[in-house]
Amino acid sequence: MDKDICASLQALRDVIARLTGPGGCQWDMAQTPRTLADYMIEECHELVAAIRFGDTESVRDEMGDVVFLLLFICACYEREGKFSLADALDSSREKMIRRHPHVFGNAHFENIDSHLQAWEAIKKKEHEGKGPAEGLFASLPQSLPPLIKAYRIHSKAARAGFSWPEDEEVEQQVESEWLEWLDASANGDDAARMHEMGDMLFSLVELGRRKGIKASEALDLATDRFLRRYAGMEKLAKSQGHDLSELSLDEKDELWNQVKAAEHPAG
């Protein structure tokens, strides 16, 4: 490892030791891995947002925050005598070597699909006997956001050979789920509508996965696009001396189209 990286990591660990040691910060001293878990989720979301937005400076800052929390959580376990940072790093290194036998061993995979199937088999073996839940999805975190969880489920199922053989069949499944949604919606059965909406979204996630699109990212970009355009509508309406909320739907649509057109100028 580069000497500067080692020094920077140790300097950050020293900051955490100072914060949580005698004469440190009362708030930091009271933290545990469980109390820090939500902060880790929040910081990871902020890092992902910065990456998707393409703001390199923010990515650097948010990545530092994530590393800080990782080291903080690790320090808590070190104080409890559970494991050290070196233990965690060694465990990860050994795991990556074990899961890449074609790089660190003599295995050969004809394509990426066969490699991913072997990856799942290795992970499954690693989790055997380590908890009450075993099987293909034993390592899937239950707390994953729904769209990410659906993507991971489809990905794992496909590696196990349990998926539609052709993309066209997935497209047909999405169309079928849409028709079932229309039927449930017409019947006014709330439970059935919830059920069919879930099935339709689940199928759309798989269609996107096959096309190289992550539904969570696509939806995130779509929501950001809507917010940006709506802010543009508000600004445009104000420049014309109007309050957007007081305009008719047709007038709002006209502003929307103007803002949308400005994003993609002709040529």
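Here are a few friendly notes on one helix pair and one aromatic cluster.

1. Before you start: this is a predicted model, in which local features need pLDDT of at least 70, side-chain atom pairs count only at pLDDT 80 or more, and totals for chains, interfaces and linings use all residues. Residues are numbered from 1 along each chain as its sequence is written, and side-chain values use heavy atoms, with hydrogens and water left out.

2. Take helix α3 (residues 33-53) and helix α4 (residues 56-79) to begin with: their axes come within 9 Å and cross at roughly 160 degrees. That makes α3 roughly antiparallel to α4 (angles over 145 degrees count as such). Helices here are DSSP runs of H or I, at least four residues, numbered from the N terminus. Axes are lines fitted to C-alpha atoms over the stretch in contact, with angles from 0 to 180 degrees between N-to-C directions.

3. Within α3, have a look at L36. L36 counts as buried, at 1% relative accessibility (buried means under 20% relative accessible area, exposed over 50%, partly exposed in between, with a 1.4 Å probe and protein chains only).

4. Next, the aromatic rings: F226, Y230 and W256 form one cluster. The F226 and Y230 rings are stacked, with centres 6.0 Å apart and planes at 25 degrees. F226 and W256 are tilted, at 5.5 Å and 40 degrees. Rings pair if their centres lie within 6.5 Å; planes under 30 degrees apart count as stacked, over 60 as edge-to-face and the rest as tilted.

Definitions and conventions. Helix = DSSP H or I, 4+ residues; strand = E, 2+ residues; numbered from the N terminus. Parallel < 35°, antiparallel > 145°, perpendicular 65-115°, else oblique.
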